[in-house]
Structure formats: structure tokens, C-alpha cells
Amino acid sequence: MEDRIRSNNPRSFRANKNLYFMMAPFLIIFFTFTILPVLTSIFFSFTNWNVLQPPIFLGLENYRRLFLDDPQFMQAIRNTFHFAVIIGPVGYLLSFLMAWVINELTPKLRAFFTIVFYAPSIGGGTFMVFGFLFSPDPHGWFNAFLLNLGVIDSPILFNQDPVWMRTVVIIVSLWMSLGFGFLSFVAGLQTIDRTQYEAGAIDGIRSRWQELWYITLPNMKPQMMFGAILSITGSLGIGAVPAALMGMPSPGYATHTLDNHLNDFGSIRMEMGYASAIAVFMFVLMIGANALVQKFIRIVGT
Amino acid sequence: MAQTAQQAPKPGSMSGPTQLKFGATPPKKDRHKGSRSWLSRILGGTGARSNRTVWGNFMMILFLCVMASLFLIPVVMIINNAFKPLHELLIIPPHIFVRNPTLRNFQDLGPIFANTLVPFSRYLFNSLFIVALGCIGQIFFASMAAYPLAKYEFPGVHLINRLIVLSLMFSGAVTAIPNFVIVSALGFIDTYFAVIIPVFAQTLGLYLMRNFMGQVYSSVIESAAIDGAGEFRTLWTVVMPAVKPAWITLIIFSFQSMWGVTGGAFLYNEALKPLNAALGQITAAGLARIGVGSAIGLIMFMVPLVIFIIMQSNVVETMNSSGMKD
């Protein structure tokens, strides 16, 4: 499946020393600032560590506590799944759909719409505008609108009612989903060779949808895998949006996610060993999700 | 490059198409210019469009416009807020559009920066230095590592590829402290290195480059090798031009993340802090500085936006100059 260059000696280190030389700067920095911290964090997940004193080895105690003695953690798992199952796939498909639709336009319009859809991702806190939209007081945009229409007679408590809290988080997260994954889709669609479409038209491709399935999607697999990783880490790692909109911790833990729980123990309670155990759990969760999604992507276009 | 045009891939073929962009002119076809509606003339991006219906085109434009207006609200609000007088900023519920525009918020920035410990120009220099070096370094090192990982077979290639994907899935919140320990053990605290060097090996950028490079045909690379180019030269002369949309996307992304750097736990010397940190100190006063705060919000938003617009129109130009245009 992969189109790799056949070197004379693919099993020898020495024959490929040029390649190692090219990768060396990246790999050294990657090992120092990524692999090493991850490995130490995995080690800390078996300890009790308050950052100030040396860690005390606990074995599997942190994990036992997580699954048997921490009702908020269970709540966080439920909430995270609830969010991820909707935000992950819908956000991913929305990113692809928008990139695909934009790609049909003339170059100038394409650049314009790419900028429009990506612009909210440039400003870090742009989603705070939803704070006004879903403000729970009667003057909040949405409440005022519904009150004027007479649809409701008392304002909706967007930040108190668990069902509304989760709905608002999902709406805002979906609105934010056209980020870097969307940009990589736009870029990926640009590299598809146009003559393939002409050849396809001659070969009897009749509709937009056939063209999408038989030409566009098979050419987009690398970008789809890239976007999938971003969607998985973004949706299972959701935390900033609920914390900013609903508070940390949220009322009744109604929008408490794994990432919120991790931050609670990591940066507020300074139980770094326990926080590391949560991180390891999220890590395993994402690896599983990724394996599943990659399997789906392989089927596409066949 | 001429021979590459002959092996036009079959529709649905798995391998990437990138190489055909060079010099391959698309066959001129009868586009039925006269009979095309204005809609299909706008929607002319991808070549032969005989399989497009007018109804479908119309729905697409409608869909795009509705979505665009939804996405633009916060952007419009950031721009308008910067020009609102104080009483309009504090009104509840807030208006999207400004009623009595003023430049007061920007003028108020002057006295504030006149009294800072370090002059404004120093903050600006720090920001530009960190952003420029960070972006260039990230793209340079990521491309150099991505190319062998995408296109060659050597001992360890699959292991490294797997490690890179895995590393994207570990929460940054718990690695922050081990990371800090490493940065300080290397003596990087209170130097630019602390915020620049780790960025050189950001895995997301490498992963993006690797995935795009995997689509460049090996035959193109091999023909460059026959001409006597080494791996390093082939990368910069053959592979990089083919994946231009990828590194332009990466420039946008890394500029944006470097522009957001505050130095946080790593930079304590005021003379080394970037603009973002200084502006963060000003807006930290909250309600008391809400006027200048909104002006700062606009400035911090506009810089990456301008870079984004320049880069994005560059992608379009590339495609025009490589024979894709009508």
C-alpha cells in the first residue's frame, strides 16, 4: 500500500546513515522534550507525588482509587464519552464537508471562505461570545429572544440545568471544530491532481458523490488520518470549553470531563501521581479510539 | 518531469497525485462556456464539471453563506469592540456593532507603554524573534525528519512513526512538570531557548509533513537521484515544492501558536518576555482596563490573521501557476 523508495540495503543502519543524519536534530529534541516527559509521567502514575517532596511508590494504588473510589472520575468518563461521541465524528465530518464544498469554488472565493471559517480559531477566546448568547439571565441574547417571542416565560438556566449545560458545550465545541484539521483538509484537496477528475468523467463518473467516493476520498487518506488524530485528541481531551463556559468544577459536575479531572488533581490539588494516572488512562483511551478510526478510514473508497 | 505525465493514475488509485502538478498541462476540453450558468462559473475550481447540477451548486452556495455568517459573529465583535467607548463595552446585553466609534482605546495604550519597565519595542522584538526562529526551525527540522520517515525504508522507521502518533495522545498537563525539570536542567530557564528549542520537535507539524510527503511519487524522487541529487537536495528541490500546501498550512499553525507564547514558567527576565506577556499584564487588570483590553484583543487577533490571509492566498497562487487555471 505504501509507496516507499527501495534503497539497496533497507536492513542496514550504515547504508542509511544519511537518513539518520537528517532526522537526528528532530529526534534528539523530540526525545528530550516529548518522550522523556511522557515516560516520567507514566512512572509517576505509580507513585504518590506532590511535586515538592520525592515521590513515594504506590504500585497500582492510584488506578485502584480511580476506578473504585472516585465517583467524580466515573462521572467524568460518562461526560467525556457523551461529548466525544458527538463532537468527534460530527466535528470531523463537518470539517471535511466544509473543506470539500470550499474546494469546488474558484481560487479567490476558496481563499475567502477558508479565511472566514478558520478565523474564529485564530483568536484564542473567540468562543466566549457564546457566553453572551447563552447567558442565563433574562437579558442574554437567546433568553431575551425567546422571552420576547413568548416561547418561554422564565429564562433558561443554561449554566445550571445539566441537559442545557451539556448541550451548550456541544454546540460551542462543534462551532470550534473547523480548526487545524479543516486547514489540512483544504490543503490536501489542493494537492489532488485535476486530470484525475477529467479521466474519471470519461470513465463514467456521473455525480458529485461518485467523484467524492472514487477519486477524492482515496486521495485524501493521509489528510483524513491526520484530521482523525486531531479529532480524537480534541474530543476525548475536551476540557477548556466546559471549564471556561460552565466553571471549574461545573455545578453538580454536570460537564466535568477527564481533562478537567486531570487539571483538578494536577494543578489545583497538586496530586501529580494521581493526575498522571488519569493521563495514562486517557492515553490508552485515545490509542484505542485511534485504532478503531484508522480501520474505518482504510475501508473508505474501496 | 515530462515523463511523469504519462503515468496518470486511474481514478480511485491509492497513491498520491502530487507529482503530476509539475508541468503537466491538463488537457484542454470543451467547457461549454456559453451554456454555463453564473453559478457554475463561480464553482469552477476542480476541472471537468459536467457532472454538476445547477440545483446542487445553488444549495452549496446557500449553505456556505449561512455557515459563514454564523462563523463571523465573534470576529465582527472583536473588531467592533476595539472601537467601542467604555459605556458601550459594559452594556448588558452587549451589542455586536459599535454605535459611536472612538479611537480612545488605542490612544490609552500610549501612556501605559510609556511607563513600562522595558520599552514596547523590546517586547515587539522578543515576539518577532521567537516567532520567526520558532517557525523557521519547526518547518526546517520537521521537513528534514518527515522526508525519510515518509519515503524510505530503514531500520526503525516504523517504530519512530508509531512513537510520533502515540506522542500526540499524551496530555500536556502532566508532562509540563517533567518538561520544566528538563528545561531547567539544560540551563534554558530565562533564555529564548526555553521557548524556541522544544518547538523545533513539535510532533503535530512533523506528522502533517510526513502524511503529505507520503503522497509524492517515489518515481519522481528516484529520477532526481539518478540525476545525482542526494537525499538532502532532493528534499528541498523536489519534495518541498510538491507539498507546498502542507508547509504553508504549517507556517500558519506554528505562527499562530508561537504568537500566543507568553514565556510562562520559563521567562522571568522582563527584557526577554514577548509582547503577549506584556499585553496579558495590562489586561490582567480586568474591568478597569476593559477599553485598552479590547484594543489589545484586536491587535493580537489581527497579526496572525494577516499572516494567515497572506499565506492562504499564496496557496491559491501556487495552484494557478502550476497549470490548474482555466
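Is A:Tyr253 buried, exposed or partly exposed, and how many C-beta neighbours does A:Tyr253 have inside 10 Å? A:Tyr253 counts as partly exposed, because 17 C-beta neighbours lie inside 10 Å; a residue is buried with 20 or more other C-beta atoms within 10 Å of its own, exposed with 12 or fewer, and partly exposed in between, the C-beta atoms being placed from the backbone. The model is predicted: local features need pLDDT of at least 70, side-chain atom pairs count only at pLDDT 80 or more, and totals for chains, interfaces and linings use all residues. Residues are numbered from 1 along each chain as its sequence is written, and chains are lettered from A and ligands numbered from 1 in the order in which they are written.

A:Tyr253 has a positive phi of about 55° without being a glycine. The residue lies in the loop between helix 12 and helix 13 of chain A, where helices (H or I, at least four residues) and strands (E, at least two) are DSSP runs numbered from the N terminus. The loop between helix 12 (240-246) and helix 13 (258-268) of chain A also holds A:Pro249, which is joined to A:Met248 by a cis peptide bond with omega of about -5°. A positive phi, of about 75°, is likewise found at A:Val51, not a glycine. A:Val51 sits in the loop between strand 1 (47-48) and strand 2 (56-57) of chain A and is partly exposed, with 13 other C-beta atoms within 10 Å.

A:Ser173 belongs to helix 7 (residues 162-175) of chain A and counts as buried, because 24 C-beta neighbours lie inside 10 Å. Beyond its neighbours within four places in sequence, A:Ser173 is in contact with A:Phe83, A:Ile87, A:Ile238 and A:Val241; contact requires C-beta atoms, placed from the backbone, within 7 Å. A:Ser173 and A:Gly88 are 85 residues apart in sequence, and their C-alpha atoms are 9.6 Å apart in space.

Chain B contains 15 helices and zero strands. Of its 326 residues, 41% are buried. Among contacts in chain B between residues at least 6 apart in sequence, 68% join residues at least 24 apart. The largest nonpolar core has 149 residues, and those with the most contacts inside it are A:Phe26, A:Ile278, B:Ala145 and B:Met209. Such a core is a set of buried Ala, Val, Leu, Ile, Met, Phe, Trp, Tyr and Cys residues joined through C-beta atoms within 7 Å. Apart from neighbours within four places in sequence, the contacts of B:Met209 include B:Ala142, B:Ser143 and B:Trp247.

Between the chains, 105 residues of chain B are in contact with 103 residues of chain A. Helix 2 of chain B supplies the largest share of the chain B side, 13 residues. That side has 71 nonpolar, 27 polar and seven charged residues, with Ala, Val, Leu, Ile, Met, Phe, Trp, Tyr, Cys and Pro taken as nonpolar, Asp, Glu, Lys and Arg as charged, and the others, Gly among them, as polar.

Helix 4 (residues 107-122) of chain A packs with helix 2 (residues 54-81) of chain B at an angle of about 45°, the axes being 8 Å apart. The contact involves residues including A:Phe113 and A:Phe117 of helix 4 of chain A and B:Leu64 and B:Phe71 of helix 2 of chain B. The residues of this contact comprise 11 nonpolar, no polar and no charged. Axes are lines fitted to C-alpha atoms, for helices over the stretch in contact, and angles run from 0 to 180 degrees between N-to-C directions.

Key
Contact = placed C-beta atoms within 7 Å.
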